[in-house]
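Please keep the sequence and the 3D view at hand.

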Amino acid sequence: MTKKWDAIWTNGTIVTCENSYGLQKNGCIAVKNGKIAWMGAMHELQGDPKELASEHHDLLRRCLTPGLIDCHTHVVYAGNRAKDFELRLQGYTYEEIARQGGGIRSTVLATRNASEDELYEQSSKRIRAMIQAGVTTLEIKSGYGLDWQNELKMLRVVKRIEEKFPITIYKTFLGAHAIPPEYEGKNDAYVDVICNQMIPEIARAKLADAVDVFCEKIAFNIAQTERIFQTAKHFGLAIKCHAEQLSHLGGALLAANYQALSVDHLEYVTNEDIEKIAKTKTVAVLLPGAFYFLREKKPPPVDLLKHHQVPIALATDCNPGTSPLTSILLILNMACIQFLLTPEEALLGVTHNAAKALGMDKTHGTLAVGKVADFAIWDIDHPNELSYSIGQNRLHRLVRGGISQEI
Ligand code: DI6
Ligand code: FE
């Protein structure tokens, strides 16, 4: 006889992550065709779980959260920047190292020189670590190729990752990450290439979901950023922006005015910007790993963001230069300690609000009937332990589309 559900998890603490933890103790969650079909308390379950579902999993009081979402990463790259790290500890700033040809450009060279297989091998080690920290949805940016052939190579690697790993990937084209060496001093000519050749082709071949720009003194100015946004919008791609990380250029407000999904970093965003951003649907993505690694002194104005009810998401920003880390769990702790988020706000930042930052909140990021059945199951009593502990990983199991995964 066909059973009502494909699988059911019983006897656990269900953490819905809608607008708060949304704890349901002694809870159950049932799945049909990869979606959540029913949620409730043990006593509401009408019958024996083994009769109701083809698969029964006893959570033994563990916590079950939505699968975590890392909504801002540059995880596909070759090589590393340990040398830059040493230079910085000798007193050079990130900007100085970038100007001297280190920084992003050295990763561009390494990525261009790597074969597609090498790039895949190096990146997939990091992807595995991300999944092992509870991630089921991941945003990946291009932006270390900076020419058509190498940006395409990065995007092919992203596609391979999508096919090989149990993970949902959101792809962002970040051709506007840095000025490639061959366009030194011809920044506008490179922006022409991005707008006239790259973005139209990316859109036509559906190679990415969104376009991002690094709007910063060492990268793209406001006028260039706006041209790229206009082009992205024209071709129906979503918009994201690295803004106000090292200085205030106005990229965050500009992006919000172009209905950006998110504006990311925001250390130097102003009160006036936030008041206006709050009137849009744009999410603030905070990246405590980069703040930590660059030893920044000015945290983003979290109180103002909260006061104006701008949704706050968190991400690893996994990249070789400013945030060489893969653990979204470490980010939870860093957001609490450095930015004074509560553990609850931090968890919402890697679930519901991270889904909003990818325009995926109708299907992902919370536990509710009809949503995709991506879960992380943790050997913990309360979800605050996720933010509290450092370097401990209590992930018991991941479930993707209703299917329990080996991790
Ligand atoms: N902002 C960042 O923090 C990273 N990219 C960006 O636009 C840095 C990337 C790198 O240094 O390789
Ligand atoms: Fe970034």
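Two strands pair if DSSP finds at least two bridges between them. Helices (H or I, at least four residues) and strands (E, at least two) are DSSP runs, numbered from the N terminus. The model is predicted: local features need pLDDT of at least 70 and side-chain atom pairs count only at pLDDT 80 or more, while totals for chains, interfaces and linings use all residues. Residues are numbered from 1 along each chain as its sequence is written, and side-chain values use heavy atoms, without hydrogens and water.

Start at strand β7, residues 135–141. Seven of its seven residues are buried, where buried means under 20% relative accessible area, exposed over 50% and partly exposed in between (1.4 Å probe, protein chains only). β7 runs parallel to strand β6 (residues 68–70), and three bridges join the two; Asp-70 stands opposite Leu-138 of β7. Strand β8 (residues 168–176) is also parallel to β7, joined by five bridges. Thr-137 has Thr-168 in β8 as its bridge partner.

Now step back to the whole protein, which has 16 helices and 16 strands. Of its 407 residues, 57% count as buried. The radius of gyration is taken over C-alpha atoms, and the globule rule is 2.2 Å times the number of residues to the power 0.38. Because a compact globule of 407 residues would have a value near 22 Å, the 21 Å of this protein agrees with the rule. Its C-alpha atoms fill a box of roughly 70 × 45 × 40 Å, taken along the principal axes.

Note on methods
Chains are lettered from A and ligands numbered from 1 in the order in which they are written.
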